[in-house]
Amino acid sequence: MKYDVIVGGAGPSGICAAIAAKRGGSNVLLVENSGLLGGTNILSLVGPLMTYHNMKNQVIRGIAEEIIVRLNKINGTLGHIVDPLGFCSTVTPIDTEALKRLYFELIQENNIDLLLHTKIIGAHQEDGNIKYITVANKEGVYNIEATYFIDATGDGDIAHYANAEYIIGRTSDNLCQPMTMPFVVSNVNINKLLEEVKNNPDNFVIHKNYDYKYLGISGFFNEVMNAKNNGDFNINRDRVLLFQNVLKNEVTINMTRVNKYSALSAIERTKAEIEGRNQIQEVFNFLVKYIPGFENSYISQTPHQIGIRETRHILCDYMITKEDVIEHKKFDDAICVSAFPMDIHSPDSSIMEFDDENSAENLAFEIPLRSILPSGLNNLIVTGRMIGATHEAAASLRVCPVCMALGEVAGSLASIATKEKVSVREVEYNTLAAHLEKNNHILKF
């Protein structure tokens, strides 16, 4: 069977791409390597979602917002909350079990063909047109044809196999942002943690108007330093970073930092998985010993796989730059907006790098259509964290809401190309824009 559209990767971007393409009238196959839908939010426990807003304006809507509305109906989210750290505009806590359920419901409701436990291991292209992808699963190794392809694999696997050009990590040494292994801790005394923030504000990064109703912590700098001096904390991290979850007395910890391994190597990624799990235990032991509120807590959930911030950046018709982010760039062919700072976890130190001028109060930039069209390929669209952007710019658009918005654009573009029987570059921007706006998708700020 030949599909109109094949989407590789069922993370948040791939799911939104598949839904948009199907709703646009295309016959769609969604291919996923794991047995779950949801990518990093589900497999790697990355949460809360950041950010749907810039200042008081919502800049991400469409399918991404539909998912939050539906999650809210099943008590799977606390909704959009002002970021207690003031790092970005809002955070959106999600319950991973509720989100798992919702993603499967959406795929079934939209009658999208789904192939789990299937790895994409090749792509055959002729004269800039991909003819088929090669997959491997329990049935064997075989080819699946389509007219259009959407690469939402995170690592740009389809693009890579189709001989697209790309860069890896930062240009100076090709190192990528560190991998991380978030984990969930239950039976945490949230009130005790809030008291610590209230009583010792200089020990934390806090939003200037923090109301102490929802807990987010970036701090305990003194405790981390003391633990390091005592030999109780040896991870390349300078702070406690955690957010309150949807379930009572539960938080997600984001403190592991696995540096200098390549997620494009199975050997190195295996080492990263092992190191990440060792770090989880070290972080938890530190929390129990040094941080008030964790005395009776326990680890209730660890991820299926380590979280990956960065690998390939596919060379597209336009590459978004650091300057585009800083200068709040607008584009004639804008397809969505990012309002997340350049959050660069250094590949070789404990620090987080970001431009103070790019605070949540003034940050927003547009992403152009050209940045999802790989150079030299006519029927491939890329979406998610590996679109056309530099190491620095990608740090501002790699977050889930932006990836979801990009996915909706990719699926919509593929569906229009299917109807018009043209290459993805031949679709008129105004046609795509009208389609997206009709579906409550925000293109510009």
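Let's start with cysteine 176. At 14% relative accessibility, it counts as buried, meaning under 20% relative accessible area, with exposed over 50% and partly exposed in between, for a 1.4 Å probe and protein chains only. This is a predicted model, where local features need pLDDT of at least 70, side-chain atom pairs need pLDDT 80 or more, and totals for chains, interfaces and linings use all residues. Numbering runs from 1 along each chain as its sequence is written, and side-chain values use heavy atoms, without hydrogens or water.

For cysteine 176, the nearest cysteine sulfur belongs to cysteine 403, 15 Å away. Now cysteine 88. Its closest cysteine sulfur, in cysteine 400, is 13 Å off, so that is too far for a bond. Cysteine 88 is buried too, at 1% relative accessible area.

Next, the cores. A nonpolar core is a set of buried Ala, Val, Leu, Ile, Met, Phe, Trp, Tyr and Cys residues joined through side-chain atoms within 4.5 Å. The largest has 112 residues, and Ile67, Ile367 and Ile372 have the most contacts inside it. Helix α11, residues 400-420, gives the most to this core: eleven residues. Apart from it lies another core of 36 residues, including Val188 and Phe233.

Last, helix α8, residues 266-290. Helices are DSSP runs of H or I, at least four residues, and strands are E runs of at least two, numbered from the N terminus. Buried residues in α8 include Ala272, Phe284 and Tyr290. Among the elements covering them are α7 (221-229) and β14 (240-244).

Note on methods: Contact means heavy atoms within 4.5 Å. A disulfide is a pair of cysteine sulfur atoms within 2.5 Å.
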